[in-house]
Amino acid sequence: MVQQLLSPRILLVRVVAAAVVLVVVMLLCALAGTENISLKTALAGVHEGSSTNPDYEILVHIRVPRVILAAIVGAALAAAGVALQALLRNPLADPYILGISSGAGLGATLAIIGGFSWTLWGRSPVAIFAFAGAIGTVGLVWGIGRITGKFHVTGLLLAGVVVNAFFSAIIMFLISVAKGQQLHATMFWLMGNMAEEDFLVLWIGAGCVAAGVVSLYFLAPQLNAISFNPEDAKSMGIHVERVQLLAFIVSAFVTAVAVSLSGLVGFVGLVVPHAVRLVLGPDHRQLLPISSICGAMFLVIADTVARVIVAPAQLPVGVVTAIIGGPFFLILLIRYNRKVSWLR
Amino acid sequence: MTASVQVQNVSFAYHRGQPVLKDISFAVAAGRFLAIVGPNGAGKSTLINLIAASLAPQSGTISIDGINARSWGATELARKIAVVRQGFVPAFGFSVAETVLMARTVYYGPLGFESKIDRQCVAEALEMTTTTEFASRPLASLSGGERQRVFIARALAQDTPILLMDEPTTFLDLKHQVGVYDLLKTIQVNKLRTIIAITQDVNLAAQYCDEAILLRPLSRPLVSTKGNDADADRCQYRIGPACEVLAAAHIEETFGVSGFSGRIGKEQFFIPLGRMAKDAIRAADR
């Protein structure tokens with residue numbers, strides 16, 4: 001009877017299969033773009049390396065870093081979305097729900113309008129201010145939420161909504177007094193914007209996000225019980241408050257990393273966990289790794305569309321995630337809900 | 001595997017408000033079935049939460065097999081006591097098997113997966129509650145009675161000597177009410193579990209439970225229909241064999257209702273009768 005339960009072997013097979021698909025998608029997306037490049041020519045450059053090989057240059061120094069960046073951000077947002085939906089026991093939750101977006105947005109807007117020119121470890125002030133704003137806001141919201149009580153999700157959500165509204169108002173104020181160039185930069189950042197990054201930045205980002213996803217995986221069995229009912233989880237011997245705090249810190253951290261790399265890319269953290277849950281069920285041991293991989297895949301594709309569709313101009317990737325993601329998700333929702341009702 | 005529960009001089013109030021429970025003492029011997037009965041606001045759920053150590057008493061102690069439960073961590077406690085709270089449908093569509101398996105979370109291996117023993121526990125719990133056939137269905141697709149059996153299965157899979165139940169038959173039809181009590185009695189007798197259940201159904205409690213405790217709200221004075229005995233006036237509760245505690249006179253004074261009562265064979269019953277009931281109106285007309 002218990003064959004329906006997830007087994008480690010099935011999980012491993014699915015994760016590996018998804019990872020293989022991700023790598024293929026990343027490669028295909030790296031080859032797509034305004035300049036037609038061929039993989040064969042590009043690879044030849046690696047071996048010969050003599051004269052300049054434009055295909056190699058474009059692939060390795062422009063396309064690949066950007067595809068990797070999209071994958072990192074997508075994986076982080078999807079994993080944080082899974083964790084926050086479980087913690088808040090709310091399918092409408094996303095990584096930005098507890099004020100992280102407005103906090104990061106305020107930080108970024110201040111940095112853009114302040115017009116700073118220094119860098120820190122190769123990162124621009126915008127990224128650093130966004131990261132600090134994100135972490136600070138989440139801390140503030142969590143603090144307010146704690147005052148309202150241990151298991152009171154409503155208090156946490158309300159604190160998040162109010163802080164979001166308050167900071168958004170300040171962002172709007174700053175935008176309304178900003179000059180043309182700053183305005184454009186701010187708007188692009190707020191809609192989510194990918195750019196080519198150094199490999200060092202990418203490796204650090206990838207390391208942070210991978211560590212976050214792996215830590216969340218080890219909390220997944222407890223998240224199953226907590227997303228069901230924290231009180232029940234407690235009487236089953238789970239250290240509910242400890243798990244909640246850890247999962248919350250990790251998801252806030254990976255979201256802040258993602259936001260500082262790419263601005264506010266919407267929709268990934270909300271829709272990817274749902275889509276995966278609809279197809280594979282709510283077991284977080286599977287939901288978490290598969291969602292991360294699918295989130296990476298989704299954002300890689302969305303970013304490719306964003307840089308190809310109005311070439312030589314580029315769209316903010318957040319526009320594309322919502323435009324592809326919305327209809328795709330609705331189709332999935334309708335299909336799978338019908339399937340469930342047939343089973344009954 | 002059995003365990004006894006001792007409650008000694010326990011008093012409790014929420015946040016320095018009015019006391020909810022005052023100086024409660026009783027013991028449940030290993031392998032017995034105790035019903036907690038009383039009006040809304042009498043502190044029944046508070047008492048269950050105190051025994052489950054979700055709440056700490058302001059004074060008094062609660063012990064399991066003579067050991068103060070406050071000295072245990074969450075994991076140790078979860079090896080002794082399983083709680084079935086009032087049923088609800090969770091936010092995400094877990095299947096029946098996944099729901100029952102959650103009770104084994106603390107026993108999972110380092111990679112976050114259950115062992116053969118855990119699966120065995122789940123299989124047995126599903127078997128015992130006859131929910132095996134629903135194992136792969138989402139919880140939301142079950143009826144109230146089926147879902148309640150799944151929650152009982154989950155408590156069984158936790159494999160504890162003590163089961164606490166908060167109103168296990170609320171919202172269930174007559175057949176499923178009896179079904180749940182039959183199941184609980186089977187668990188008590190065959191698995192030697194100690195069961196403590198809050199219930200509003202005085203008749204089922206009298207039929208199935210060994211002992212009963214009748215609680216009344218501290219805030220409300222005793223409504224006397226047949227003259228107070230001094231003891232009941234001072235004390236917030238009455239404890240003893242279920243049939244004696246749940247005698248019609250005690251129910252009438254604790255709940256402040258009157259009604260029909262009687263006995264058919266070995267079973268006693270109480271049917272409340274309101275002021276506007278057909279029979280009451282007819283009697284008034286006469």
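# Exercises on a predicted two-chain model

With 344 residues, chain A would have a radius of gyration near 20 Å if it formed a compact globule, and its value of 21 Å agrees with that. The structure is a predicted model.

## Exercise 1. Overall build of chain A

Solution. 
- Step 1. Read from the N terminus, its elements run α-α-α-α-α-α-α-α-α-α-α-α-α.
- Step 2. Take the contacts in chain A with a separation of 6 or more: 76% of them join residues 24 or more positions apart.

## Exercise 2. Helix α1 of chain A

Task: compare the span of helix α1 (residues 8–31) of chain A with the expected one, then find which of its residues are buried and what covers them.

Solution. 
- Step 1. The 24 residues of α1(A) reach 35 Å from the first C-alpha to the last, close to the 34 Å expected at 1.5 Å a residue.
- Step 2. Leu22(A), Met26(A), Cys29(A) and Ala30(A) are buried in this helix.
- Step 3. An α-helix has 3.6 residues a turn, so residues three or four places apart point the same way.
- Step 4. The cover over the buried residues of α1(A) includes α3 (54–87) and α12 (284–308) of chain A.
- Step 5. Just after α1(A) comes Gly33(A), with a positive phi of about 160 degrees.

## Exercise 3. The six-stranded sheet of chain B

Task: give the strand order of the open sheet of six strands in chain B, and identify its edge strands.

Solution. 
- Step 1. The order is β6-β7-β8-β3-β9-β10 (chain B), and the pairing is mixed.
- Step 2. β6 (81–84) and β10 (237–241) of chain B are the edge strands, since each pairs on one side only. From one strand to the next, the twist averages 15 degrees.
- Step 3. Within the sheet, β3 (residues 33–37) and β8 (residues 194–198) of chain B are parallel and share four bridges. Leu34(B) has Ile196(B) in β8(B) as its bridge partner.
- Step 4. Helix α5 (residues 144–157) of chain B lies across β6 and β7 (162–166) of chain B, at about 170 degrees to β6(B).

## Exercise 4. A hairpin in chain B

Task: decide whether strand β11 (residues 258–264) of chain B is buried or lies in the open, and describe its pairing with β12.

Solution. 
- Step 1. A residue counts as buried if 20 or more other C-beta atoms lie within 10 Å of its own. Of the seven residues of β11(B), the number buried is zero, so the strand lies largely in the open.
- Step 2. β11(B) runs antiparallel to β12 (residues 267–273) of chain B, and seven bridges join the two. Ser258(B) is bridged to Leu273(B) in β12(B).
- Step 3. Two residues lie between the strands of this hairpin, where Gly265(B) takes a positive phi near 60 degrees.

## Exercise 5. Where the chains meet

Task: characterise the side of chain A that touches chain B by element and residue class.

Solution. 
- Step 1. The contact involves 31 residues of chain A and 36 residues of chain B.
- Step 2. The elements of chain A that give two or more residues to this side are α8 (199–228) and α9 (230–235). α8(A) gives the most, with eight residues.
- Step 3. By class, this side of chain A has 13 nonpolar, ten polar and eight charged residues.

Notes
Residues are numbered from 1 along each chain as its sequence is written. Chains are lettered from A and ligands numbered from 1 in the order in which they are written. This is a predicted model: local features need pLDDT of at least 70, side-chain atom pairs count only at pLDDT 80 or more; totals for chains, interfaces and linings use all residues. The radius of gyration is taken over C-alpha atoms; the globule rule is 2.2 Å times the number of residues to the power 0.38. Two residues are in contact if their C-beta atoms, placed from the backbone, lie within 7 Å. A residue is buried if 20 or more other C-beta atoms lie within 10 Å of its own, exposed if 12 or fewer, and partly exposed in between; C-beta atoms are placed from the backbone. Two strands pair if DSSP finds at least two bridges between them. Axes are lines fitted to C-alpha atoms, for helices over the stretch in contact, and angles run from 0 to 180 degrees between N-to-C directions. Ala, Val, Leu, Ile, Met, Phe, Trp, Tyr, Cys and Pro count as nonpolar, Asp, Glu, Lys and Arg as charged, and the others, Gly among them, as polar. The expected span of a helix is 1.5 Å times one less than its number of residues.
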